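Subject: The structure I promised you

Hello,

Here is the structure we talked about, ready for you to open. Have a look at it first, and then read on for a short tour.

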Amino acid sequence: MSFDFTALEEEARQKIAQAQDAALLEALRIQYLGRKGLLAEITAIIPTLPLEARPEYGKNANLLKNKLNQLLEARARQIKEDATALFEQFDFTLPGAIPQAGTAHPIAQTVKEISDIFTKLGFVIAEGPEVETEFNNFTGLNIPLDHPARDAFDTFYIKSPSHQVTRSPEKEKNRFLLRSHTSPVQIRVMKKHKPPLAVIVPGKVYRPDAVDASHSFMFHQIEGFLVDEDVKFSDLKGILSVLAKKLFSRNIKMRFRPHFFPFTEPSAEVDISCILCKSHQVTKSQGHQEKRCSVCGGKGWLEIMGCGMIHPNVFANVGYPKGAYTGFAFGMGVDRIAMLKYGINDIRLFYENDLRFLRQF
Ligand code: DAH
């Protein structure tokens with residue numbers, strides 16, 4: 001085995017010159033001069049060389065070793081000097097680099113905004129699981145097994161051993177599904193706590209809806225309920241009008257339309273006056289506006305939630321004594337409210353993770 005000392009020195013010179021910091025330089029020192037390094041390898045073969053070749057070879061090895069030491073030392077000094085120079089030149093008064101921070105998703109912002117309005121009114125926030133029992137999602141809320149109202153909400157079931165078993169009210173407590181609304185949290189909270197209660201429940205819900213500009217198989221709701229000894233429908237109206245005014249504008253009008261929900265009686269759907277046009281002020285005889293409003297379609301009203309007085313059967317299902325309490329409940333779609341607030345015309349935009357959209361909020 002023989003070594004080309006000139007080539008080795010040249011190669012080392014280049015590598016050492018390229019080392020940008022002390023750690024890299026130390027790695028090179030070990031590679032060349034370490035106990036198992038190149039120089040150790042070079043000297044190890046001296047005893048195998050012919051006697052007359054040894055002095056010359058030994059001298060070259062020694063020269064290489066000294067050269068490497070010199071190069072390493074010089075580069076170490078240089079690295080140190082460069083660092084000092086950089087430090088001295090550095091302007092510590094410069095503003096720092098601005099970290100890349102994300103922003104809250106428009107849905108999260110809307111949830112927070114609505115939650116803040118309610119917490120200021122004394123409501124507390126509760127959450128429930130997205131995988132819910134069939135009982136809490138339906139029967140507890142007075143939606144019996146064979147009730148047609150189940151169809152609109154029928155949802156994604158979680159396969160479990162008990163899933164195969166024929167349906168019965170008892171088995172519903174062991175059958176699980178992705179909740180189709182946040183109302184089941186009423187059952188969970190009321191089972192655990194006695195009135196007075198004022199609770200809002202934000203969360204994700206699931207429905208087997210085909211996805212289009214206004215439907216998504218997953219969306220967000222905020223449920224709210226208030227239970228005490230003498231809660232009246234007018235209390236419900238008062239609270240919801242505060243919400244509408246705070247969320248949209250002071251001038252917003254609100255109307256209640258009779259509706260049916262199994263878990264409330266009486267029940268209503270809540271409309272607000274269109275945030276874009278003033279069609280709600282147009283009387284029938286005046287007819288519709290020439291150009292149909294793109295938000296309300298010329299109706300002048302926008303449906304934003306369902307509500308009502310909690311059905312006595314719901315109180316019975318959570319074990320409250322008959323006639324002891326009254327209360328109201330309401331449920332709204334957060335996505336729809338965010339769309340109205342920000343003028344978004346396609347629900348899918350919320351779920352595409354397109355930064356061009358998200359950065360606007
Ligand atoms: N759970 C209903 C839904 O998903 C919304 C709702 C309507 C909630 C009326 C309520 C209520 O609490 O009283 O469509």
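Which residues of α4 are buried? They are Tyr57, Ala61, Leu64, Leu68, Leu71, Leu72, Arg75 and Ile79. Please keep in mind as you read that this is a predicted model.

**The helix α4 and its cover**

Helix α4 runs over residues 54–89 and has 36 residues.

Glu9 belongs to helix α1, and its relative accessible area of 22% makes it partly exposed. Setting aside neighbours within four places in sequence, Glu9 is in contact with Leu64 and Lys67. Between the C-alpha atoms of Glu9 and Leu63 there are 9.8 Å, although 54 residues separate the two in sequence.

**Helix α5**

Next along our tour is α5, at residues 106–120. From its first C-alpha to its last, this helix of 15 residues reaches 21 Å, close to the 21 Å expected at 1.5 Å a residue. Its buried residues are Pro106, Ile107, Thr110, Val111, Ile114, Ser115, Ile117 and Phe118. Just after α5 comes Gly122, with a positive phi of about 100°.

**The nonpolar cores**

Phe118 turns up again in the largest nonpolar core, which has 45 residues. Phe118, Phe330 and Met332 are the residues with the most contacts inside this core. Helix α9 (residues 233–247) supplies the largest share of the core, six residues. Apart from this core lies another, of 24 residues, with Leu141, Phe153, Phe261 and Phe263 among them.

What does Phe330 touch, if residues up to four places away in sequence are not counted? Its partners are Phe118, Ile200, Ile222, Glu223, Gly224, Phe225, Leu236, Leu240, Met305, Gly306 and Cys307. Phe330 lies in strand β10 and, with 2% relative accessibility, counts as buried.

Met332 has a list of its own. Leaving out neighbours within four places in sequence, Met332 is in contact with Ile114, Phe118, His220, Gln221, Ile222, Leu243, Ile304, Met305 and Ile337.

**The largest pocket**

How much space lies in the largest pocket? The figure is about 1200 Å³. The pocket is lined by 46 residues, and the closest to its centre are Ser214, Glu303, Ile304, Gly333 and Arg336. At least two residues of the lining come from each of β6 (218–228), β7 (254–261), β8 (264–273), β9 (301–310), β10 (326–333) and α11 (334–342). The largest share, eight residues, comes from β9. Sorted by class, the lining has 20 nonpolar, 15 polar and 11 charged residues.

**Some backbone details**

Two cis peptide bonds deserve a look. One joins Pro195 and Pro196, with omega about 5°, and Pro196 is found in the loop between α8 (184–192) and β5 (197–206). Another joins Glu265 and Pro266, with omega about -5°; Pro266 has its place in strand β8.

There are also two asparagines to check. Asn142 is not a glycine, but has a positive phi of about 70°. Asn142 lies in the loop between α6 (134–137) and α7 (149–153). Is Asn142 buried or exposed? Its relative accessibility is 18%, under the 20% limit, so Asn142 counts as buried.

Asn353 likewise has a positive phi, near 55°, and its place is in the loop between α11 and α12 (355–358). Asn353 is exposed, because its relative accessible area of 62% is over the 50% limit.

I hope this helps you find your way around. Happy exploring!

Best wishes

Notes. Residues numbered from 1 in each chain as written. Predicted model: local features only at pLDDT ≥ 70, side-chain atom pairs only at ≥ 80, totals over all residues. Heavy atoms only, no water. Helix = DSSP H or I, 4+ residues; strand = E, 2+ residues; numbered from the N terminus. Expected span 1.5 Å × (residues − 1). Buried < 20%, exposed > 50% of the residue type's maximum accessible area, 1.4 Å probe, protein only. 1 Å grid on protein atoms, 1.4 Å probe; cavity = no way out; pocket = protein on both sides within 12 Å on 5 of 7 lines; lining within 4 Å. Points joined across faces, edges and corners; volume = space filled by probe spheres on them. Nonpolar A, V, L, I, M, F, W, Y, C, P; charged D, E, K, R; others polar. Core = buried A, V, L, I, M, F, W, Y, C linked by side-chain atoms within 4.5 Å. Contact = heavy atoms within 4.5 Å.
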